[in-house]
Amino acid sequence: GDILDDYLRTDGVWILTRNKQFYKTNNEKECADKCEAERNFTCRAFLFTRKKLQCLTLTENAKMAVTFSSMDTVLYEKRIYLMECKRGIGTDYRGTEAKTQRGIPCQKWAEKIPHKPNYTPEKYPSAGLEENYCRNPDADESGPWCYTTDPAVRFDYCAIPECEDQVTHTGEGECMQCNGEDYHGEVSRTESGLECQSWDAQEPHMHGFILKHYPEKDLKMNFCRNPDGELRPWCFTTNPNKRWEYCNIPRCTTPPPVSGLDSQCLSGKGEDYRGRIATTESGNDCQHWNTQFPHKHGWIPNRYPCKGLEENYCRNPNGEKKPWCYTTSSSIRWEYCTIPPCDRTEQWIAGMNNVPLQVPLTEECYQGKGQSYRGTTSVTASGKKCQAWSSMFPHSHIKTPDRFPDADLRDNYCRNPDGDSSPWCFTTDPNTIWEYCDLKRCDDHTQE
């Protein structure tokens with residue numbers, strides 16, 4: 001597997017940490033190799049800056065240190081150090097529980113008072129004997145333990161929950177079809193073992209997923225849900241340093257029920273459209289969904305098995321106003337498609353040969369700093385969807401249409417209301433406040 005599969009990725013985050021090492025690397029995988037080979041300290045995470053190609057290996061992760069926003073940075077945390085549950089007898093447990101099952105604080109592994117230890121960091125360097133955290137260096141069948149700070153009790157076991165217990169297969173609701181949009185189970189811990197924040201709470205994380213705004217999404221208690229079309233169910237966590245995380249919901253073994261809504265025409269937003277139109281409204285051919293050229297993207301067919309991402313057909317996997325596709329033109333990332341409406345399909349087809357299609361081409365470049373840009377691009381340079389300017393979710397801001405009446409802050413189109421270096425937008429990713437847009441200057445014809 002990919003070395004990065006062992007890490008949890010968070011965009012736009014920086015960590016303040018004491019122990020770190022700087023390296024020059026070309027990509028994230030090379031940086032992960034540096035973390036694995038780190039000998040100056042235990043490497044729990046690394047930071048990679050995309051512009052400078054700088055790699056920082058870190059001894060602390062977001063659970064242990066202060067974090068703040070940093071636009072160009074990607075944080076990768078080793079999953080094993082985020083797990084607060086044990087697999088099997090817990091020899092690989094690297095969580096931060098530091099008291100016994102009876103509540104007695106643990107003695108530090110490197111100290112000799114009140115108990116002289118047989119297991120020390122020097123003797124067992126790969127056993128994770130840090131601080132006074134519960135560990136299982138001798139593969140004890142009863143699980144992680146520690147020496148205690150009570151002179152009368154040499155050692156005791158720790159109450160570490162089983163990872164397997166976090167997903168209870170007690171009914172059909174405990175597995176998910178598709179991407180879990182209809183999951184109604186009761187799993188309430190994330191994949192690294194963090195407890196979920198209740199949907200009706202705004203502590204420790206403020207958010208806009210409120211039951212009255214999403215009545216059909218079943219946002220009950222603190223159960224994992226997928227209200228926004230993510231890869232799988234997720235939740236906000238009760239850890240102030242980790243805003244949200246995916247949950248470990250198994251995929252159902254039975255195939256999803258056939259909806260019978262494989263429409264060949266446009267009804268509503270066209271999310272059920274499964275026709276074979278593969279050109280955009282301005283006549284560009286669509287890029288195949290299973291390719292990453294000329295445009296890199298995240299809508300990979302096997303990740304979204306129920307979205308109908310076949311061939312290069314126009315689809316609407318993300319709730320846009322109508323079906324769309326990435327184009328085969330390197331200068332136009334994506335465009336909407338013209339799909340015949342269901343209520344007048346025959347008239348529409350009959351008239352197509354007589355009425356010329358007159359759709360203005362989207363502005364895909366900007367002059368100067370882009371303050372005059374009035375195109376309809378609504379995707380950032382890294383492929384994130386833009387937040388609507390009139391919306392306060394997921395990011396609250398003051399760049400509103402009424403405060404900047406001359407900036408044309410319509411819908412979620414990229415704009416430059418504040419004289420920045422190029423058009424930008426707030427993103428729909430809760431972890432990334434804003435980014436510059438996927439646009440180039442009109443007088444710049446160079447291709448990356």
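Modeller: Let's start with pLDDT, which is the predictor's confidence in each residue, from 0 to 100. This is a predicted model, so local features need pLDDT of at least 70 and side-chain atom pairs count only at pLDDT 80 or more, while totals for chains, interfaces and linings use all residues. Residues are numbered from 1 along each chain as its sequence is written, and side-chain values use heavy atoms, with hydrogens and water left out.

Biologist: Okay! What is the mean pLDDT of the protein chain?

Modeller: The mean is 83, and 90% of the residues reach 70 or more.

Biologist: Which elements have the lowest and the highest mean pLDDT?

Modeller: Helix α2 (residues 345-352) has the lowest, at 44. Strand β6 (residues 145-147) has the highest, at 96. Both come from DSSP runs numbered from the N terminus: helices are H or I over at least four residues, strands are E over at least two.

Biologist: Where does pLDDT stay under 50?

Modeller: One such stretch is residues 345-362. The model gives that stretch 11 contacts (heavy atoms within 4.5 Å) beyond four places in sequence. Over residues 444-448 the pLDDT is also below 50, and residues 444-448 have two contacts beyond near neighbours in sequence.

Biologist: New topic: how many disulfides are there?

Modeller: The count comes to 13, taking a disulfide as a pair of cysteine sulfur atoms within 2.5 Å.

Biologist: Which cysteine does C106 pair with?

Modeller: C106 is joined to C146, with 2.1 Å from S to S. The angle about the S-S bond is -75°, and this link of C106 and C146 is left-handed.

Biologist: And what does that pair tie together?

Modeller: Parts that are 40 residues apart in sequence, because C106 lies in the loop between β5 (66-78) and β6, while C146 is in strand β6 itself.

Biologist: Now the backbone. Is the peptide bond from I113 to P114 cis or trans?

Modeller: The bond from I113 to P114 is cis, with omega near 5°. P114 sits in the loop between β5 and β6. The peptide bond from F393 to P394 is cis too, with omega near 0°.

Biologist: Where is P394?

Modeller: P394 lies in the loop between β12 (365-366) and β13 (424-426).

Biologist: Last one: is the phi of C178 positive or negative?

Modeller: Positive, at about 55°, although C178 is not a glycine. Most residues other than glycine have a negative phi, and most peptide bonds are trans. You'll find C178 in the loop between β7 (155-157) and β8 (234-236).
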